[in-house]
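Here are my notes on the model, as numbered points. Please read them with the structure open.

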Amino acid sequence: MKNVFLAAVLMGGMLAACNQNENKQTTNEDMNTTLNLTQEWDKTFPKSDKVDHKKVTFKNRYGIELAADMYVPKSEVQEVRGERLPAIAVTGPFGAVKEQTSGLYAQHMAERGFLTIAFDPSFTGESGGEPRRMASPDINTEDFLAAVDFLSNQDNVDPNRIGIIGICGFGGMAVNAAALDPRIKATVASTMYDMSKVNVEGYFKSEDTKEQRMEKRKTIAQQRTEDFKAGTYKRAGGVIDPLPDDAPFFVKDYYDYYKTPRGYHERSGNSTDGWNVIGCQSFLNQPLLAWAHEIESPVLLIHGEKAHSRYFSEYAFEKMTGKHVEGRSAVVGNKELMVIPDAVHTDLYDDKNNRIPYDKMEAFFRENLK
């Protein structure tokens, strides 16, 4: 059973830079794409006729080039408003790609009048970064900031009206980004995980002792030695397949999305062979929400009432507001926790059960990106 839990843990901006050696300013022309991007529609959801779609790329401050799908409301929407558009950057879940949940969110929000991008994080999907299938609390937070860099420089975007949406494990990264970058005017974290908390404590604090953490450190350290010797990185496996009879419900929940036609995508680590075994090492001693209490901008946390992961949003809400809530919606100042009755974790991944509160997200961004 422990292996099942571990498998679920491991799965489930044009930025100008100064070259000090040559004292030369890097230009946008130096940042042209080198990525091989799929041009055909290969999403897990149907294409909308209400938006225009294209592929774009941008670099983060580490020089990693990120690939994104841009969704723009049809021209008549923009013409009616007579102004530059508010914009939203979307990514997640952890181990997913932009052709899955984040693209669906981005397309829906574009239908509602926002210019959106759904991007693959560093080391993932069509984005750059080597080796593949690594994760970093720093670099993956930076990915959000790079998306804001990019959106801020689009002619049809109002740079003072930019928000972000982080889903599942990238919900925690989105909150972290909001604590770091005041250009982010509003943040939504949907069905969020705090990847630091789950790696440090295990699910529901099931591995929350010094001794258990030390065993994790030893296991990953030994794997690093073996990976170096082998010249390659061992993968942890995506969502467990075949599914054991005694798998917890939330593992079955992930399987129902990532391993079936509902959400399977060949570039998704969760659908295929997962993260590198050492991929989540940094989360063991780099807390994501350390400064969440200093976020001044509005944050909306959305979670299913019956999601195994609901406690992560409750924890984040308490970090931001000092108020402990359990199993219910709450508002403190400009921070809100919205609990969706009867919804499980992956109900907020797609439109299968029509549980994603698009109306609420639209109202939230309309109010705070103005």
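1. Start with His345. His345 sits in the loop between β11 (335-340) and α10 (358-368). Helices (H or I, at least four residues) and strands (E, at least two) are DSSP runs, numbered from the N terminus.

2. A word on the basis. This is a predicted model, where local features need pLDDT of at least 70, side-chain atom pairs count only at pLDDT 80 or more, and totals for chains, interfaces and linings use all residues. Residues are numbered from 1 along each chain as its sequence is written, and side-chain values use heavy atoms, with hydrogens and water left out.

3. Is His345 buried or exposed? His345 counts as buried because its relative accessibility is 0%. Buried means under 20% relative accessible area, exposed over 50%, partly exposed in between (1.4 Å probe, protein chains only).

4. Which residues surround His345? Leaving out residues up to four places away in sequence, His345 touches Cys168, Thr191, Tyr193, Asp253, Tyr254, His303, Ala307, His308 and Ser309. Contact means heavy atoms within 4.5 Å. The His345 side chain also makes a polar contact with the side chain of Tyr349 (3.1 Å). A polar contact is a pair of N or O atoms within 3.5 Å; within protein, one must be able to donate a hydrogen and the other to accept it, and residues adjacent in sequence count only if both atoms are side-chain atoms.

5. Now the cysteines. Cys168, a contact of His345, is buried because its relative accessibility is 0%. Cys280 is buried too, because its value is 3%. The structure holds zero disulfides (cysteine sulfur pairs within 2.5 Å).
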